[in-house]
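Have the structure open while you read.

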Amino acid sequence: MIPRIQKRGQRTIGLLYYLYGPGKFEEHADPHLVASWDHNAPDPGRDASATLKHLQQLLDQPVENIDQAQRPKKHVWHLSIRNGAEDRILTDEEWGDVARRMVAAAGIDDPEQDAGCRWAAVRHADDHIHIVATLVREDGYKPDLDHDAARVQAQARSLEAELSLRRLNKGDGTAAKRPTSAERHKAERQGRERTAREELREHVRRAVAGAQGEEEFFDRLAAAGLLIRKRAAPSGDLLGYKVALPEDRNKDGEPVFYSGSKLAPDLSLPRIRERWSSNDAEPDRGNSPRTSRTHQPMGPAAARRRATTAVWQAVLVVGHGDDAQVAAQVAAAGEILDALAKTSAAHTRRELREAAFAFERATRSHIRAERGHDRALRQAARDLVHSGPALGRGQDGATTAMVIDMVFFLVTAAAHWHARHQHAQQAAAARQAAEHLRAAYHAAAQQPLTVLHHRGRHLPQPLKHQQASYLRQAVPELAERILAEPGWHALAATLADTEAAGHHPATLLTQAATRRELDTADSISDVLVWRLRHIADLQADAQPMPVSENAVTPSPPPTTRPVTDRPDQPRRGR
């Protein structure tokens, strides 16, 4: 149930004409009253003798009874209440009870004192009602409407439980503004999947991802084909900006511009500049690899490998860092998703785009991000953008699966963090993004894992037995489950590759398994495949390493230090 308080108005009759009329798109059906202040207001929809003028005069009577100077300039209060498409259809009696409880919660009516404002609730569709009220009480005083929006939202949560409707999550005031009904209808008429506001928000977020300053940001907006208006002070300093889609026009044929703050709270120019300020902030102090300010072009596969490293370091911060650092990492995770959605191949692009769209809500909360700790993720997003579009095969496709696998863990960690802080909407958004990432991962991983699976099935049996022994040694509590998974063959091939590259498989398995819990993964073997190939710096597209004839003979385990710390094992391919 979604209650929305509309802008206050001056003409009661005008709002009544709309509520009882056919609607802008002939969508209104059988408009009629379901409740009113005195249970006896005339209903022009069901009573042939009643008129809209009569209803308006009754609603406005308390306003007319006070001196002109005391009347509010905008005395018409308007609340719409809409249920979801999956909710059951409420009866008129149920909607009437909803209306009475909503006006009481908002402060419009005061049933106990019998001195509230006059109001009427009109239903002209199955899924919603409108409440119109005039803002002078029967006793001549004005109602107390402080925090009326928060109060009707709280009442909606109670009504959802009582009426067995879909339970929505409580908001905290940090969400982006939802598209209006007019914007939604306009998008439907034009055959667009999303409204202009939502498309512009996506374009601006992609332009922000990894950008290092205003010039690059506005260049990206222009390259995306957006119309841009900049607002400057008399001194010439830039104060803000607005953007529009070239094809989105008003009735006069003029472009419809939206300021950054109208797209999302963190897309105003001052808030975007906070991200750029991290370019000069203190380094991450070991939370992430040191990154260079100067951009060094790299290919899509290399950019995805680098992003995988940065994302893993962010997972550690989200799991163990303080809240300000975590908030910065979660916000920057949104930039990684935007960059991946922009640069990935067609077979993963839609799910990644949906993941970025959903996760946008999770990037903001009342916990202020401490910029500077997000530098590695923002640089990784920048590398992804500048590396260009990735292919869906070979190294590009395999490293896409690798980074999506790691981003899934970051998004899941963000969901847990938000849940611990009672950020219900953000936690739900992160969980929704994770589901889209899961689908994107399956699309990206199918080809490289199929190659690995085929190789693993044809490994010499003694070698496979040895790989199983390494598995039981490293993760005894999960070994039998992994051996029973379809992905075990791909993991066996990867273990063979790590050994051929000079690593001890059991040591790497232990390191990979301790990075984060595994027992909740859909396929533990898949997770270990990508962790091992990343830790050992193996080619992601499953090209085999040459295996010596005596590879089945286990060598003594090397030091248990992380592979990246071993001086005798230089990193390959970097």
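A crossing of two helices is called left-handed if the near helix is turned anticlockwise from the far one by less than a right angle, and right-handed if clockwise. A word on the source: this is a predicted model, in which local features need pLDDT of at least 70 and side-chain atom pairs count only at pLDDT 80 or more, while totals for chains, interfaces and linings use all residues. Residues are numbered from 1 along each chain as its sequence is written, and side-chain values use heavy atoms, with hydrogens and water left out.

Q: What is the hand of the crossing of helix 14 and helix 15?
A: The crossing of helix 14 and helix 15 is left-handed.

Q: Why is helix 14 called roughly antiparallel to helix 15?
A: The axes of helix 14 (residues 394-420) and helix 15 (residues 424-457) cross at roughly 160° and come within 8 Å. Angles run from 0 to 180 degrees between N-to-C directions, and axes are lines fitted to C-alpha atoms, for helices over the stretch in contact. Under 35 degrees counts as roughly parallel, over 145 as roughly antiparallel, 65 to 115 as roughly perpendicular and the rest as oblique. The value of roughly 160° therefore makes the pair roughly antiparallel.

Q: What kinds of residues form the contact of helix 14 with helix 15?
A: That contact divides into 18 nonpolar, 7 polar and 3 charged residues. Here Ala, Val, Leu, Ile, Met, Phe, Trp, Tyr, Cys and Pro count as nonpolar, Asp, Glu, Lys and Arg as charged, and the others, Gly among them, as polar.

Q: What makes helix 16 and helix 18 roughly perpendicular?
A: Helix 16 (residues 461-474) packs against helix 18 (residues 488-500) at an angle of about 90°, with the axes 10 Å apart. That angle falls in the perpendicular range, so the two are roughly perpendicular to each other. By class, their contact has 9 nonpolar, 2 polar and 2 charged residues. Among the residues that meet are Leu463 and Tyr470 in helix 16, and Trp488 and Leu495 in helix 18.

Q: How do you know that Thr308 is buried?
A: Buried means under 20% relative accessible area, exposed over 50%, and partly exposed in between (1.4 Å probe, protein chains only). Thr308 has a relative accessible area of 1%, so Thr308 is buried. Thr308 lies in helix 10 (residues 300-320). Leaving aside neighbours within four places in sequence, Thr308 is in contact (heavy atoms within 4.5 Å) with Met402, Val403, Met406 and His534.

Q: Why does Arg11 count as exposed?
A: Arg11 has 55% relative accessibility, which is why Arg11 counts as exposed. Arg11 is found in the loop between strand 1 (2-5) and helix 1 (12-20).

Q: What makes His147 exposed, and where is it?
A: His147 is exposed because its relative accessible area is 65%. The residue sits in the loop between strand 5 (128-137) and helix 4 (148-162). Phi of His147 is near 60°, a positive value in a residue other than glycine.

Q: How do you know that Ser164 is exposed?
A: Ser164 has 62% relative accessibility, so Ser164 counts as exposed. Its place is in the loop between helix 4 and helix 5 (181-189), and phi of Ser164 is near 55°, a positive value in a residue other than glycine.

Q: How much of the protein is buried?
A: Buried residues make up 54% of the 574 residues.

Definitions and conventions: Helix = DSSP H or I, 4+ residues; strand = E, 2+ residues; numbered from the N terminus.
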